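Please look over the sequence and the structure shown here. The paragraphs after them go through the model part by part.

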Amino acid sequence: NTFKEDCNEMLNDKFHFTLLALPVLGVIIFNIMPLVVMICIAFTNYDKSHMPPNALFTWVGLANFKSLFTTSITSTFGYTFWRILGWTLLWAVLATFTTYFGGIILALLINNKNTKLKKMWRTLFVAAISVPQFVTLLLLRNFFANTGIVNSFCKNIGLVDLLQNLGWIKANYIPFLTDPVWAKITIVVINIWVGVPYTLLQLTGVLQNIPADLYEAARVDGANSIQIFFKITLPYMLYVTTPYLIATFTGNVNNFNIIYLLSGGDPITDLSSTAGSTDLLVTWLYKLTVDKQYYNIGAVIGILTFIILAVGALFTYRRSKSYKEEGGF
């Protein structure tokens, strides 16, 4: 074919190749290339001390990985990495299952035959997540500040004095976001309020698709409400929503918004550390790269986070009934 004939063919018989060219080029430039660059940076000493044009960076092999796996307290990155990894996994488990079971309870209550105005209740909870998190979380950060409205309310009803007498707090306010333990509890509780409506939307459809014959047969056999829930409702919902749970867990590991906008990773209890008490791996990575210019360590954290999530997701999904017994329900 001549060049003109090739061009005509690309606009007719092979027009799908022409249409795909731009998206494929975009994926290569904006997805694949940054990943390749990040992986390469993980094997260099590219940081604030080795930044062109003032200084050149060189290949250092596995030195960056070694610094993260060194658990000595004198190794700042290694000591911080394992501490943050533990909190990240704990946070992901708590955030995933509190919102999941909270959504189950809420969905069951709203879908109960004795509940009136079902559409109104669903609309109210959906309205809570319609406002961008950038707005709600920053407002909540002010509400739960040491001099915020929540502390003022708790002080007026005597809760602050009660906690002081019990020895749970020392100041004349509740350190919702300024004490490591209180901050972690506060973040988990606020995440329940943020995440339960999403789960409610997912599980409402699942509940409505459970065959009514199963419930009728269970009642005929004399099963009570608790037995029906644990033998029919919960297994069915877990079977259908296992991929959703895995995706939610992965999302919570990388949940940048609620940590950074609510607490900023604070409080900082160790001045020698580059991370706060509530920092996740993703927020620590952001601080290391944007604030501290440790691009090499940030790249290593990104690679390790991917490996942990990929292996965990594949292992969990392949052992679940959703994978082994596909089509069982």
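The model is predicted, so local features need pLDDT of at least 70 and side-chain atom pairs count only at pLDDT 80 or more, while totals for chains, interfaces and linings use all residues. Residues are numbered from 1 along each chain as its sequence is written, and side-chain values use heavy atoms, with hydrogens and water left out.

The surface comes first. A nonpolar patch of about 1100 Å² is made by twelve listed residues, among them Leu20, Phe30, Met33, Val36 and Val37. Patches are made of residues with over 30% relative accessible area and no salt bridge; like charges are joined within 9 Å, and nonpolar side chains (Val, Leu, Ile, Met, Phe, Trp, Tyr) within 5 Å. Accessible areas come from the Shrake-Rupley method with a 1.4 Å probe, and for residues only the protein chains shown count as cover. Helices are DSSP runs (H or I, at least four residues), as strands are (E, at least two), and both are numbered from the N terminus. Val36 has a relative accessible area of 40% and is therefore partly exposed; buried means under 20%, exposed over 50%, and partly exposed in between (1.4 Å probe, protein chains only).

The next topic is empty space. Rolling a probe the size of a water molecule over the atoms shows where empty space is left. The search uses a 1 Å grid over the protein atoms alone: a cavity is a set of points where a 1.4 Å probe fits but cannot get out, a pocket is an open set with protein on both sides within 12 Å along at least five of seven lines, and lining residues have an atom within 4 Å of a point. Grid points are joined across faces, edges and corners, and a volume is the space filled by probe spheres set on the points.

Two cavities of 30 Å³ or more are found in the whole structure. The largest cavity holds about 50 Å³ of space, and its lining consists of Ala128, Ile129, Val131, Gln133, Thr136, Trp193, Val194 and Tyr198. Two or more of these residues come from each of α5 (118–130), α6 (133–143) and α9 (180–209), with α9 giving the most, three residues. Six lining residues are nonpolar, two are polar and none is charged. In this classification Ala, Val, Leu, Ile, Met, Phe, Trp, Tyr, Cys and Pro count as nonpolar, Asp, Glu, Lys and Arg as charged, and the others, Gly among them, as polar.

Two residues of this lining can be followed further. Gln133 lies in helix α6 and is partly exposed, at a relative accessible area of 24%. Val194 lies in helix α9 and is buried, at 9%. Along the chain Gln133 and Val194 are 61 residues apart, yet their C-alpha atoms are separated by 8.4 Å. Val194 also has a C-alpha distance of 8.5 Å to Thr99, which is 95 residues away in sequence.

The second largest cavity has a volume of about 30 Å³. Among its lining residues are Leu85, Val253, Leu281 and Ile308, and α4 (76–111) and α14 (295–318) each supply at least two residues.

The largest pocket has a volume of about 730 Å³. Its lining has 19 residues, and Leu108, Asn112, Tyr215, Arg219 and Thr233 lie nearest the centre. Of this lining, α11 provides the largest share, six residues. By class there are ten nonpolar, six polar and three charged residues.

Which side chains meet in a salt bridge? Asp279 and Lys287 do, with 2.8 Å from N to O, and this is the one salt bridge found in the whole structure. The term requires a side-chain nitrogen of Lys or Arg within 4 Å of a carboxyl oxygen of Asp or Glu. Asp279 is buried, at 0% relative accessible area, and Lys287 also counts as buried, at 11%.

The peptide bond from Pro52 to Pro53 is cis, with omega near 5°, and Pro53 lies in the loop between α2 and α3 (63–69). Another cis peptide bond joins Asp266 and Pro267, where omega is about 5°. Leu117 has a positive phi, near 55°, although the residue is not glycine; Leu117 is found in the loop between α4 and α5 and is exposed, at 57%.
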